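Here is a friendly walk through one protein model, with an eye on its charged side chains. Have the coordinates open as you read.

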Amino acid sequence: MTTDTQNDKPKSLPDAKLPRGFADRDALDVAATERMLAKIRETYVLYGFDVLETPFIEFTEALGKFLPDLDRPNEGVFSFKDDDDQWLSLRYDLTAPLARHVAENFDKLPKPFRSMRSGWVFRNEKPGPGRFRQFMQCDADIVGAGSVAADAEMAMLMADTLEAVGIARGDYQIKVNNRKVLDGVMEAIGLAGDDNAGRRLTVLRAIDKLDKFPADEIRKLLGPGRKDESGDFTKGAGLDADAIERVIQFTGWGDQGAGAQSPLGNLGLTLANFRAAVAGSERGEQGCQELETMAALFEAAGYDTSRIVIDPSVVRGLEYYTGPVFEAELTFAVKGDDGRPVRFGSVAGGGRYDGLVSRFRGEPVPATGFSIGVSRLLAALRLLGKIDDQAATAPVVVLVMDRDQIAHYQKLVAMLRQDGLRAELYLGDSGMKAQMKYADRRGARCVVIQGSDERERGEVLIKDLVLGATLSSAPDRDAYLKAQAEAQFAVTETAMLDGVRKVLARG
RNA sequence: GCAGCUGUAGCUCAGUUGGUUAGAGCGCUAGAUUGUGGAUCUAGAGGUCCCCCGUUCAAGCCGGGGCAGCUGUACCA
């Protein structure tokens, strides 16, 4: 705000640019997003969820994102101080606001409470491909249902929703795991207790990277650590060889029929692996039991392993998930503009978070839900060419040949609009050639031209720009004009609507 | 955050061992075409060589420090 700095460089103009991670969205983007959102919402509604809308801004405290031991919000969250010195934040997901809403209105709400929300969320962190600082999510959650039947329903809804937006069966996979199983594995390798909390996190993070790195790289992360290709070093969990192999074994690497790199079709074998890995852990056994129940529900509802699988590499966020977790991934390769494969990560994810509402209320309130990354899903589908970017019907452009006749041109435009045709008058200052160029850029199918000759005869000239474009290879000027005559024709003003419609109907 | 790489026209990039007026292609604007976009030809506009400091008679080029972007990695509700 210092005017001094501005005085130093009086001639410097502000850079017209956006902070990274933010993007403008044009008419095509907006239309495609709205179409996709409509399909997602329709599916959620079918499952009985009610729409809820919450504000972009909440008390930072309500979102629960203060830095540990600091009187300051987490750096990943956009935050500012209000007049009354309270920290406010832009929401970074749609789950924390739901927890606040439920806690605030607990007595009024029917329970279990089925809620869906969609909208922009904000994260102050480094963006990447398919990763923005403002992006759209669409959530569905059930609060007040502790049974894994609710979790199973979430996984099935994820599958149905992805199919509703046009992803074919087989092109996606819903992966399910259970945090209790992971906790059990930690116990089994001797990482129980508060002392080992840090190492447990490191191990879980390493497991989470199974779909990113080969098994040997994971071994390094579980053991001493790993260098990336730029030579940067990541500290490992420091497990001994035995424990490393137990973890790797749990994930199913090297085993047939289970694990991230093996076919996931055999749920029985996967579960058997899990049971072996958590042997001796009560919590781990409970997790296995839950997964088994869910698997039975999937089967009964007709969701086979081509849609929903149990996958040990799914970890999800480390902060609040307490039971089943799920994640949706696209299973086909996506190539970027440069032809290199793009890693998109999961397009949807969620799980059981029994602690989130009880944070506000001292009593246990079970909840489960998931979130679809609408922006990311759209970006992936666009790269695949699966978004039919049908432009909004391009306008008919009425050219201005004689400036003193603007009123009359306006009248022609009004006639088109009254007939329901998207139409506009050229409002710039340039000559006819530039006006044609303008119409071309607008993607207009045709233009309406009226010079003094036509006006005297009470006619307009309608030019088909698409047809006109195909006649560019005329050998000489005469042939060019002659060919052009086929692409443009004169009609009386009263027949203008029919003429324009005729051209538009040419497709 | 950490590491590596890269910053020259709107875009993609050349630019010699440091040397005078920094170039190309594409794009843009206009003319050739009584009043016609896309092709061809011609002309024109457009630059703080990322910023600052230093070395030098002389820096787009060399040195130091910033900043920004890209990639990897970390974190990710």
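## Salt bridges and a cavity

The whole structure contains 29 salt bridges, each being a side-chain nitrogen of Lys or Arg within 4 Å of a carboxyl oxygen of Asp or Glu. Side chains of opposite charge can pair when their charged atoms come close.

This is a predicted model, in which local features need pLDDT of at least 70 and side-chain atom pairs count only at pLDDT 80 or more, while totals for chains, interfaces and linings use all residues. Residues are numbered from 1 along each chain as its sequence is written, chains are lettered from A and ligands numbered from 1 in the order in which they are written, and side-chain values use heavy atoms, with hydrogens and water left out.

| Salt bridge | Closest N to O distance |
|---|---|
| Arg307 and Asp160 | 3.8 Å |
| Glu329 and Lys175 | 3.5 Å |

Arg307 forms a salt bridge with Asp160. This pair links distant parts of the chain, 147 residues apart: Arg307 sits in the loop between helix H11 (282-300) and strand S10 (308-310), and Asp160 in helix H5 (residues 148-164). Helices (H or I, at least four residues) and strands (E, at least two) are DSSP runs, numbered from the N terminus. Arg307 is buried at 7% relative accessibility, whereas Asp160 is partly exposed at 22%. Here buried means under 20% relative accessible area, exposed over 50%, and partly exposed in between (1.4 Å probe, protein chains only).

Glu329 pairs with Lys175. Glu329 belongs to strand S11 (residues 324-330) and Lys175 to strand S7 (residues 172-178), so their bridge ties together parts that are 154 residues apart in sequence. Both Glu329 and Lys175 are buried.

Asp464 lies in strand S17 (residues 459-464) and Arg445 in the loop between helix H15 (432-441) and strand S16 (446-449), so the pair joins parts 19 residues apart in sequence. Asp464 is buried at 0% relative accessibility, and Arg445 is buried with a relative accessible area of 13%.

Shared partners join Asp160, Glu163, Arg169 and Arg307 into one salt-bridge network.

Which residues line the largest cavity? They are Lys175, Asp208, Asp211, Ser313, Val314, Glu327 and Glu329. On a 1 Å grid over the protein atoms alone, a cavity is a set of points where a 1.4 Å probe fits but cannot get out, and lining residues have an atom within 4 Å of a point.

Note on methods: On a 1 Å grid over the protein atoms alone, a cavity is a set of points where a 1.4 Å probe fits but cannot get out, and a pocket is an open set with protein on both sides within 12 Å along at least five of seven lines; lining residues have an atom within 4 Å of a point.
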